[in-house]
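Here's a quick tour of a two-chain model, starting where the chains meet. Have a look at the structure, then read on.

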Amino acid sequence: MSGLTRRGFLAAAGRVGALVLAGSGARPRLAAAADDPVLAGRPLVRYPEKTDLILLTSRPPQLETPMRYFDRAITPNDAFFVRYHVFPVPTRVDLASWRLKVHGRVDRPLELSMDDLRTKFPAVRVVAVNQCSGNSRGRFAPRVLGGQWGDGAMGNAEWVGARMRDVLAMAGVRQGAVQVTFDGLDKPAFPTVPDFVKSLDVARIVEDPDVIVAYQMNGQPLPMLNGFPARLIVPGWYATYWVKNLSEIEVLDSVFEKFWMKPGYRIPDTPCGCVEPGTAPVRTVPINRMTVRSFIATPEPDAQVGAGRPVTVKGIAFDGGSGIAEVQLSSDGGSTWRRVPLGTDLGRYSFREWSATWTPPGPGRHRLMVRAFNAIGESQGAQPLWNPPGYLRNVVEHIDVQAS
Amino acid sequence: MKPLAARVVIAGLLAGLAVGPASAQEKQITLPPDHDYARLLAGPGREVTQTQCQFCHSTDYIVMQPAGDAKQWEAVVTKMIKVFGAPLGEADAKTIADYLARTYGRPR
């Protein structure tokens, strides 16, 4: 067939069909994982600049990436998860009027245009994982309240932008400055709802050349729902600090403790960030560095495979910035583990691809487990850790497949 | 430059496109309405719960939560009032907490 291929035609026809069905109130398309207790019943939806993602909430929008996208190191922009806290979220930005305001305890308050950001500071590139603090919260036992994410509130991208410390240097941070706050264009409709504002220590920014204000994501302008025109990148730390649609930066001479810093987004002040399941922590601190995690993206759970026939097993591993040193796979319930080959190293903040070949020894159900170790020897627990807000999950993951 | 970009956005909207031009100058999107999956289950108090809660957020925030006892749902309603400033009177707050405990209070 020349010109329009059969496959292309079917895809196009399917798309038209889907639009018609959507318009006639047909049953919603569901996230594929019918057996997954967290994702079961959740619809697949298509948002602007996005492909089909798993709906968590409509307003404010929260969308989850299907696991199959984690068979590669870089998450496509259109598959990247979305998480907002307050509504309305920005739906229109004109760079002719957009400015990044820098003020507070500084010598020279700034109002930077996108041209300023691009031309007045060196452009820095960092590949880094952006993972929601509550990723996998739906899997906590005992269950906890909050966004009931599966495992898809994460993604990895190449970010390009200006160093936050260069921006602060231009403004001239005054003696006695303690923290810097970051605010975006998402503003609650009601003044009683706490605006989403996050803070970092001045030292966290000044000491880390990889904390940037990114205006490019995988070679493109950011999708609106991932923070167009610019967002903060805090490599190694949870996404709660990566403020989207960034518009205002303020330098403070005190610790900022409004709602989304306190009591929001805090973990138990214990070495594991965890407490006995069902109990409350004595003291808390703001969530920070990510725990070590690894996932199997393919085959998918409950896949049918051939006994005695090799299967390619693929996925990713990441941590809070030490870098992944080793990934191991077990096919006997965790009794024995073997080291699997890693993909290209894109930097210590990035997803690290891994892949292995596994041959089901015989028919029946088989469990595949994966665990990772980082460069400082941290790994994942055989038992899940627990805390009341449902953060830091990093238990050893597994899938079951059926061989025949 | 700007007038041209603006015209392209308007043309895109007229054509039913959800995304503005990829031009670096301006971006505009249109969000879909709340999904049907957020619709609350039938029961006494459903109407006031649906109306009051969706004033600020889609009710999939409720639908997705783990089943909880009356104490859990009462605490959620109290948090919405005290932390997020939901303008709920005492009677409505009780109706909503009761509805949630009754409807989303058991394994479903």
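## Ground rules and charge pairs

A salt bridge here means a side-chain nitrogen of Lys or Arg within 4 Å of a carboxyl oxygen of Asp or Glu. By that test, three salt bridges link chain A and chain B. In one of them, Lys27(B) and Glu49(A) pair up through their side chains, with an N to O distance of 2.4 Å.

Some housekeeping: this is a predicted model, so local features need pLDDT of at least 70 and side-chain atom pairs pLDDT 80 or more, while totals for chains, interfaces and linings use all residues. Residues are numbered from 1 along each chain as its sequence is written, chains are lettered from A and ligands numbered from 1 in the order in which they are written, and side-chain values use heavy atoms, leaving out hydrogens and water.

## The A–B interface

Counting contact as heavy atoms within 4.5 Å, 43 residues of chain A touch 32 residues of chain B. The two chains bury about 3200 Å² between them, 63% of it on carbon and sulfur atoms. Buried area is the accessible area (1.4 Å probe) that two parts lose on being put together, summed over both. On the chain A side, Pro48(A), Arg59(A) and Leu145(A) supply 20% of the area buried against chain B, more than any other three residues.

There are also 17 residue pairs in polar contact across the interface, both residues at pLDDT 80 or more. A polar contact is a pair of N or O atoms within 3.5 Å; within protein, one must be able to donate a hydrogen and the other to accept it, and residues adjacent in sequence count only if both atoms are side-chain atoms. The elements giving two or more residues to chain A's side are β2 (52–57) and β5 (92–94) of chain A. Sorted by class, that side has 28 nonpolar, nine polar and six charged residues. Here Ala, Val, Leu, Ile, Met, Phe, Trp, Tyr, Cys and Pro are nonpolar, Asp, Glu, Lys and Arg are charged, and the others, Gly among them, are polar.

## Strands across and within chains

Which strand of chain B does β5(A) join? Three bridges link β5(A) to β1 (residues 26–28) of chain B, and the two run antiparallel. Within that pairing, Arg92(A) has Gln28(B) as its bridge partner. Strands count as paired if DSSP finds at least two bridges between them.

Three bridges join β2(A) to β3 (residues 62–64) of chain A, with Ile54(A) partnered by Glu64(A).

## Chain A as a whole

Chain A comes to four helices and 24 strands; these are DSSP runs numbered from the N terminus, helices being H or I of at least four residues and strands E of at least two. Its radius of gyration is 22 Å, close to the 22 Å that the globule rule gives for 404 residues, so chain A is as compact as a globular protein of that length. That radius is taken over C-alpha atoms, and the rule is 2.2 Å times the number of residues to the power 0.38.

Asp36(A) and Arg139(A) form a salt bridge, their closest N and O atoms 2.8 Å apart. Asp36(A) is in the loop between α1 (6–23) and β1 of chain A and Arg139(A) in the loop between β8 (123–131) and β9 (154–163) of chain A, so the pair ties together parts 103 residues apart in sequence.

Two cis peptide bonds, both with omega near 5°, run from Phe87(A) to Pro88(A) and from Thr298(A) to Pro299(A). Pro88(A) is in the loop between β4 and β5 of chain A.
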